[in-house]
Amino acid sequence: MPKVKPIIVLAACLFVITLLIPTLLVLPFTEDQATGKLGERLKEKEVPADQTVTSSGPQVDITVFRMKKKETITLPLEEYLVGVVASEMPREFEKEALKAQALAARTYIVNQMLNDNKSELPGGAVVTDTIDHQVYKDEAELRVAFKSDYDWAIKKIREAVNETSGQIITYNDAPIDASFFSTSNGYTENSEAIWLTPLPYLKSVESPWDLQSPKFGGQEVFTIAEFEEKLGVKLPNDSTIGKITERTAGKRVGTVEINGKVIKGRDIRENLKLKSTDFTWERKGDKIIIHTKGYGHGVGMSQYGANGMAEEGKNYKDIITYYYQDVEITAADSILTKVLAKK
C-alpha cells in the first residue's frame with residue numbers, strides 16, 4: 001500500500017476545517033433566526049417614581065386653565081395625563097384599569113384639541129382642570145392628597161401612562177368622544193339618552209362589576225316645596241308623585257309624568273343634583289326620599305367596571321373594546337401631527 005505524503009494529509013485536513021467553520025458559526029444562532037425571539041428578550045425599563053413620562057410620538061403641550069388659581073399653565077401631554085389619571089381614578093385600582101383610564105384621557109384631550117368649536121378659555125387654554133373637562137392636579141396637590149401613598153401611587157400611575165404612550169381610541173380613523181364615569185347601575189347608557197346625539201361606539205352594555213362599588217347606592221331627601229320648586233311642578237293632593245313613562249336602554253329613567261307634566265330623567269337628575277338617572281322615590285309626610293343606583297351619567301367606560309374587569313384578569317385593551325364598541329386602539333402620531341399643525 002503506497003504511503004500518503006504528510007503534505008497531502010495536511011492539505012486535506014485544512015480543506016475539511018474550512019468547510020466546517022461557517023456551519024459551526026451559524027448553528028448557535030439558528031434558533032433565534034427561526035423563532036424571532038431575540039427582540040423579546042429585552043427587559044422593559046421601569047419608570048422611576050420621579051421620572052418624567054415622555055411620549056414616543058410627536059411632543060405636544062397642553063394648555064390648562066386652573067379654575068381656583070385663575071391661571072393658565074402649559075405642560076407636556078403625557079405629564080398632563082399623569083395628573084388627570086391620578087385625579088380621576090382611585091390609585092388603589094388595578095394597573096390595567098389605570099391604563100384604560102390613561103388611554104381614555106389621552107383620547108379625550110386629543111379630540112378636544114382637534115375641536116374647532118371649543119369654548120373660549122383664558123390664555124388659549126383648551127381645557128379647565130375641573131369635571132367640565134377632566135380633573136387635573138399638579139404634583140404639589142397630589143402629594144397633599146396622597147400623603148404617605150404618594151411614592152408608590154405616582155409610580156404606578158406613571159407606568160400606566162407610559163405603557164399606553166402614543167395610543168388613542170379611534171372610530172373610523174378619528175379619535176372618539178371617550179367619555180367615562182364612576183359607577184353604573186349595572187348597565188352603561190346610550191349616548192343619545194344623555195346628550196341627544198347618538199354615537200355608534202357609545203351604546204349600552206352590561207356592567208355587573210359596578211354592583212360592588214361603594215358608590216353604587218345613593219339617597220337624597222327633599223321637602224315637597226323644594227321638590228316642586230326645583231322641578232317646576234305642582235304635586236297632586238294625594239300621596240302620589242308621578243309615574244315613569246319611559247325607560248332608557250341603560251335601564252334608567254327616560255321620562256316621568258308628574259301631575260300632567262312630562263320631564264326627562266336627565267333633567268330631573270340635573271335639577272335635583274342626583275347621582276344617577278336610575279332613581280325611585282317615595283313620599284313620606286312633607287318629605288320626598290329619592291334612592292339612586294350608580295354614580296355619573298352612565299355613558300362610556302365605567303371606572304369601577306373597568307377595575308372589576310382588571311381584577312378578573314382582563315387587560316386595558318379588553319376593557320376599552322368592551323365599553324367602547326367597534327373601536328380601534330391606534331398610534332396617535334398622525335393625529336398629533338395635525339394638532340401641531342393647527343398651532
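## Close-up views of a predicted model

View 1. An open sheet of 3 strands has the order 5-4-14, with antiparallel pairing; two strands pair if DSSP finds at least two bridges between them. At the edges are strand 5 (174–175) and strand 14 (328–331), each of which pairs on one side only. Strands here are DSSP runs (E) of at least two residues and helices are DSSP runs (H or I) of at least four residues, both numbered from the N terminus. The model is predicted: local features need pLDDT of at least 70, side-chain atom pairs count only at pLDDT 80 or more, and totals for chains, interfaces and linings use all residues. Residues are numbered from 1 along each chain as its sequence is written, and side-chain values use heavy atoms, with hydrogens and water left out.

**View 2. Strand 4 and its two partners.** Strand 4 covers residues 167–171 and pairs with strand 5 in the antiparallel sense over 2 bridges. Tyrosine 171 has alanine 174 of strand 5 as its bridge partner, and threonine 170 stands opposite proline 175 in strand 5. Strand 14 runs antiparallel to strand 4 and is joined to it by 4 bridges; glutamine 167 stands opposite alanine 331 in strand 14. Strands of a sheet pair through backbone hydrogen bonds, either parallel or antiparallel.

**View 3. The cover over strand 4.** Because 4 of its 5 residues are buried, strand 4 is largely enclosed by the rest of the structure. Buried means under 20% relative accessible area, exposed over 50%, and partly exposed in between (1.4 Å probe, protein chains only). Helix 4 (residues 95–114) lies across strand 4, strand 5 and strand 14, running at about 65° to strand 4. Such angles run from 0 to 180 degrees between N-to-C directions, with axes fitted to C-alpha atoms, for helices over the stretch in contact.

**View 4. Glutamate 88 in helix 3.** Glutamate 88 is in helix 3 (residues 77–88). Glutamate 88 is buried but has no salt bridge (a side-chain nitrogen of Lys or Arg within 4 Å of a carboxyl oxygen of Asp or Glu). Lysine 137, the nearest side chain of opposite charge, is 8.6 Å away. Neighbours within four places in sequence aside, glutamate 88 is in contact (heavy atoms within 4.5 Å) with Gln101, Gln134, Val135, Phe180 and Gln303.

Methods. Lys, Arg positive; Asp, Glu negative; His and termini not counted.
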